[in-house]
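Here are my notes for your first look at this model. Keep the structure open as you read, and find each residue as it comes up.

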Amino acid sequence: MIHLQLKKNLSGADGPFTLEVDLAIAKGEFMALYGPSGAGKTSVLRMLAGFMRPDAGLIRVGNETWFQSSKGLYLPPQKRSIGMVFQAYSLFPNMSVYENLAFALPKGASTDSIRELLALIELEGLQDKRPHILSGGQKQRVALARAILRKPDILLLDEPLSALDTKMRGKLQDMLRTVHARYGMSTLLVSHDLLEVQRLASRMCLLEGGSIAYDGAPGDFHLG
Amino acid sequence: MSDLDLLPFYLSFKLAAYTTIGLFLLGLPLAYWLVFRPKRYKVLLESLIGLPLVLPPTVLGFYLLSLWSPEAWLGGFLAEYFHVHLLFTFPGLVIASMLYSLPFMLQPLQAGFRAFPETLVEAAYALGKSPWTTFWRVILPNSLPALLSAGMLTFAHTIGEFGVILMVGGSIPGETKVVAISIYDEVEALNYAAANRYAFILLVFSFLVLLTVYSLNYRHQKFLRLL
């Protein structure tokens, strides 16, 4: 179980607002954070990852406390068991596909999981290539594999498909579903694409003006 | 060409090499700290580091001369307790050159680090990598053009140094008489042919360095667009 109680003053396009979120994510749940841009979706993700410090609140993941403002507790991202996929791919340009994955493993860990994941993302043939020759879809598959290699407690996806064309997006969505079915890790997807949310997530939260305006099954949600 | 004394070239290159290596050791942590760990003193420190860009070299040379002379507290202290003499010696030239070329090392490094994609750093942190590992494995290997620019500019700038060296090093053959000083000495002695040869070699060298730095920068910008 992941508990999030976050409070943070942010500045949006229409001036400053307060982000206030109180959420519980069940183990293995695929949850989407949906909403207009500037609503604070990515901020929630970044606070969970440890890249942004909330003004107040609590983050508990399983038995671990990652953040607790009342005790002044704040774990840096390195100490949090997270996997993160960025919109901008963020593969290391100086490393091959294989080395990008190997970099994710702790020293001395078995490399069997690299081969397994390369097969899953169907990129075994390109493992010695540098990222800059890959297509956007291929890059994002490598980024996804890199993020789940350490078997994190939570997988964070920050608009991972929004830079891809429709066809690639469909393929990546299938892959995300496969990965989630196979590894079952709790997943938080940030997206402004309702169709994508409905295809992938089992639960969605609509974030509007800094607070959650809807929390339920994506299929039951209707715009307006 | 047979009468051309090559010792000043050897000295100039040795000085430039020592200065460049020393400034890499000093400049890499300093540039990292200035870009990634901004603190309140940042503006003050950057202004101090940038001083050699606007000050006449003789001003820096004059203060070093005043500090290092055996009558001054620092010069006296170094001489009495460590038997170290910095005035009119090669080690003194290296320290003076490092101060004088510091902005030429720092500015390309800072520009390179500032343009570095932040999500690459965050991607490494999210994989559990420490700032130290991230610096060596991710930031440095992907900043090679900035490192090369910084190194080449520092090297070339040290080769072209004159005022500071004249003030704190003088013109001791084999110790502090570098090429730029030799040109001055030859002109003083009305030996224009020798001065011309030294000057021409420096001119070609400096041009080649800048040509390399600029073409590297253009190529790197193209590379960044590919990412």
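Predicted model: local features only at pLDDT ≥ 70, side-chain atom pairs only at ≥ 80, totals over all residues.

1. F207(B) sits in helix 11 of chain B, which covers residues 192-226. Is F207(B) buried or exposed? Its relative accessibility is 54%. The cut-off for exposed is over 50%, so F207(B) counts as exposed.

2. Turn to chain A and find strand 8, residues 154-158. This strand is mostly covered: 5 of its 5 residues are buried. Which residues lie on each side? I154(A), L156(A) and D158(A) are on one side. L155(A) and L157(A) are on the other. Both faces are covered.

3. Next, look at the neighbours of strand 8 of chain A. Strand 7 of chain A (residues 82-85) pairs with strand 8 in the parallel sense, over 4 bridges. Here V85(A) has L157(A) as its bridge partner.

4. Strand 9 of chain A (residues 186-191) also pairs with strand 8 of chain A. The sense is parallel, over 5 bridges. L157(A) stands opposite L189(A) in strand 9 of chain A. How does the chain get from strand 8 to strand 9 of chain A? The path goes through helix 5 of chain A, residues 166-183. This β-α-β crossover is right-handed.

How values were computed: Residues numbered from 1 in each chain as written. Chains lettered and ligands numbered in written order. Heavy atoms only, no water. Helix = DSSP H or I, 4+ residues; strand = E, 2+ residues; numbered from the N terminus. Buried < 20%, exposed > 50% of the residue type's maximum accessible area, 1.4 Å probe, protein only. Pairing = 2+ DSSP bridges. Right-handed = clockwise from strand over helix to strand, strands pointing away.
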